[in-house]
Amino acid sequence: LARIDRLIGWLRAAIPAETTLLVFSATPSTAGGGNDQTFLPLLIDQENGRPGLLTSAATREKGLITSGDFAALIVDLVEGSVERSPVRTETGAWPELQQKMSYWLTNLRQRKIILRVYLYLIIIFSGLTFLLPLTPWWRHAYLINELLMALAFFPLTLLLIAPFKIDSWLFLTALLIIVTAGLWVGTRRVFASKKQAYRCLLLATTIVIFGDLLFGARLMLASLLGPSPVLGLRFYGLGNEYLGVFLGAFLLGSADFLIRASWRRWTGVLLSIIALFIFSPFGGANFGGGVAFSYAAWLICQRMKLTRVGKENFLYFILFLGGGLSLQILRSGLRGTTHLHNALRLLSFGAFDNLLAIAVRKIRMHLALINYTRWGQILLCGFILFLLILKVREKAEGSTKQEAKWYHLGTIIAVNTGLVALLVNDSGIVVIAPLVIYPLILLADFWSAQERTNILSVLKQAGRRCVGIAKN
């Protein structure tokens, strides 16, 4: 460090004052001392520059830029067009950045354990809910099912406690249990029906996610289920994990309402606003999620009883969404650094070979994610089986009977949307994992209640026969 400092001092004295000096370490330090993250330090000395932390539109995080931002910055400095550079300076100091880096690593350790335990609990409780009604311990199925339905709102709990950035494992675990249980118990006390309480929390999850998206996605960025700065440096307003949560909760909880409400002629406009925020580089910045949600909008419009109303709604959806995206692109031009800006820039240059190469790379990435662990393959097979069962049942019983209950219609639309999200997203398996949890838990509750009713009816019939035999 002393030699580097002397070298920089000599350079600054030898070069013109208006020269920009960049100090960049191409490899992480091996000296230890807590510097065990994969981030590489970059310092910039400019005559007219103001002190602070570097950031960019690609990360939207103070003290963090991508290698693409760095390359663009060098080109802009050489060309003398620094005002167009994606890198900018925000108020901040080194201690703040050190504190951030420390929490990012803590966040990564916490999510590795907590999310794994959560998924194992979902798998175990789901299996018990389906199996216990067929065993002598069928009375315990009700308690297991209550716990399973409470676990459905664990992602909402992670959002609500995200601003606190808790380091203590004991306090974090206790808070997660108390808040998740409190949400479910409180809602059950308000609503007499378990399914209505479940629907209320689905809508609450949707409102919190969309509201957070409107104000910069700060809760999702800090949540253990949100994008990690250690794992991926690009800004995700709506990451794939919470995209799955949003699609599952929104479609299951509100699809029936959007189709049958008295003001359903405005459903297309409402859906276009939500899709615009998912697509937008300044909102969700999730192109695959926008495509999947657009397909969900088409399914909702298609299910409307009056064909004319459905067609008008989808026309409104296309017009408002197209107009909103066009205005945003015209406002910012093609100088942005999001995926959407990059794709439009390649299209304007006619670089179709590059677009094809990117598409192939994303397909390979998706396959690698599915094969990363055995659970990914099991999830994919289970999702396909679930989809086929819904298709067969809908064909056998007819769409009218399937749409009699709000959760039947919501499940069909959510699972079909999940299939599109799986195909168009470069990590679609990550989207369908949380998406399928909500209809699966509702299906488990339906199965448990049905089997419990069947068992009780058999016991009552046996009791009547015993009474008859005793009389005889």
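**Entry 1: I300**

I started with I300, which sits in helix α11, residues 287–302. I kept in mind that this is a predicted model. Is I300 buried or exposed? I found a relative accessible area of 1%, so I300 is buried. Next I asked which residues I300 is in contact with, leaving aside its neighbours within four places in sequence. My list reads L251, L258, I259, T267, L271 and I413. I also looked up D256: I300 and D256 are 44 residues apart in sequence, yet their C-alpha atoms are 8.4 Å apart in space.

**Entry 2: helix α10**

Two of those contacts of I300, T267 and L271, took me to helix α10, residues 267–279. I checked its length first. With 13 residues at 1.5 Å a residue, α10 should span 18 Å, and its end C-alpha atoms are 18 Å apart, so the two agree. Then I looked at burial. I counted 10 of the 13 residues of α10 as buried, so the helix is largely enclosed by the rest of the structure. The buried ones are T267, G268, V269, L271, S272, I274, A275, L276, I278 and F279.

**Entry 3: the nonpolar cores**

How many residues does the largest nonpolar core have? I noted 77, and the residues with the most contacts inside this core are Y198, Y242 and F293. Helix α9, residues 240–260, gives the largest share of the core, 12 residues. I followed F293 further. Leaving aside its neighbours within four places in sequence, F293 is in contact with F246, L247, F250, L271, I274, A275 and I278.

**Entry 4: aromatic pairs**

My search of the whole structure gave 13 aromatic pairs. I began with F210 and F277: their ring centres are 5.6 Å apart and their planes stand at 80°, so I logged the pair as edge-to-face. F210 lies in helix α7, residues 194–214, and F277 in helix α10, so this pair ties together parts that are 67 residues apart in sequence. F277 counts as partly exposed, at 27% relative accessibility.

I then turned to F314 and F317, whose pair is stacked, with 5.9 Å from centre to centre and 15° between the planes. Both belong to helix α12, residues 307–332, and being three residues apart there, they are separated by about one helical turn. I reminded myself that an α-helix has 3.6 residues a turn, so residues three or four places apart point the same way. F314 is partly exposed at 23% relative accessibility, whereas F317 is buried at 3%.

One more item for this page: ring pairs link F153, W184 and Y198 into a cluster. I had already met Y198 as one of the residues with the most contacts inside the largest core.

**Entry 5: positive phi**

K165 has a positive phi of about 50° although it is not a glycine. Where is K165 found? I placed K165 in the loop between α5 (154–161) and α6 (169–190). K165 is partly exposed, with a relative accessible area of 46%.

A217 also has a positive phi, about 60°, and is not a glycine either. I traced A217 to the loop between α7 and α8, the latter being residues 218–222. A217 is buried, with a relative accessible area of 0%.

**Entry 6: strand β3**

I moved on to strand β3, residues 53–56, and found both faces covered. L53 and T55 on one side and L54 and S56 on the other are all buried. Strand β4, residues 87–90, runs antiparallel to β3, and four bridges join them.

**Entry 7: the whole chain**

I finished with the totals. I counted 18 helices and four strands in the protein chain. Of its 472 residues, 44% count as buried. The chain exposes about 25500 Å², and carbon and sulfur atoms supply 67% of that area. Among contacts with a separation of 6 or more, residues 24 or more positions apart account for 69%.

Conventions
Residues numbered from 1 in each chain as written. Predicted model: local features only at pLDDT ≥ 70, side-chain atom pairs only at ≥ 80, totals over all residues. Heavy atoms only, no water. Helix = DSSP H or I, 4+ residues; strand = E, 2+ residues; numbered from the N terminus. Expected span 1.5 Å × (residues − 1). Buried < 20%, exposed > 50% of the residue type's maximum accessible area, 1.4 Å probe, protein only. Pairing = 2+ DSSP bridges. Phe/Tyr/Trp six-rings, centres within 6.5 Å; stacked < 30°, edge-to-face > 60°. Core = buried A, V, L, I, M, F, W, Y, C linked by side-chain atoms within 4.5 Å. Contact = heavy atoms within 4.5 Å. Areas by Shrake-Rupley, 256 points an atom, 1.4 Å probe, with all protein chains shown as cover.
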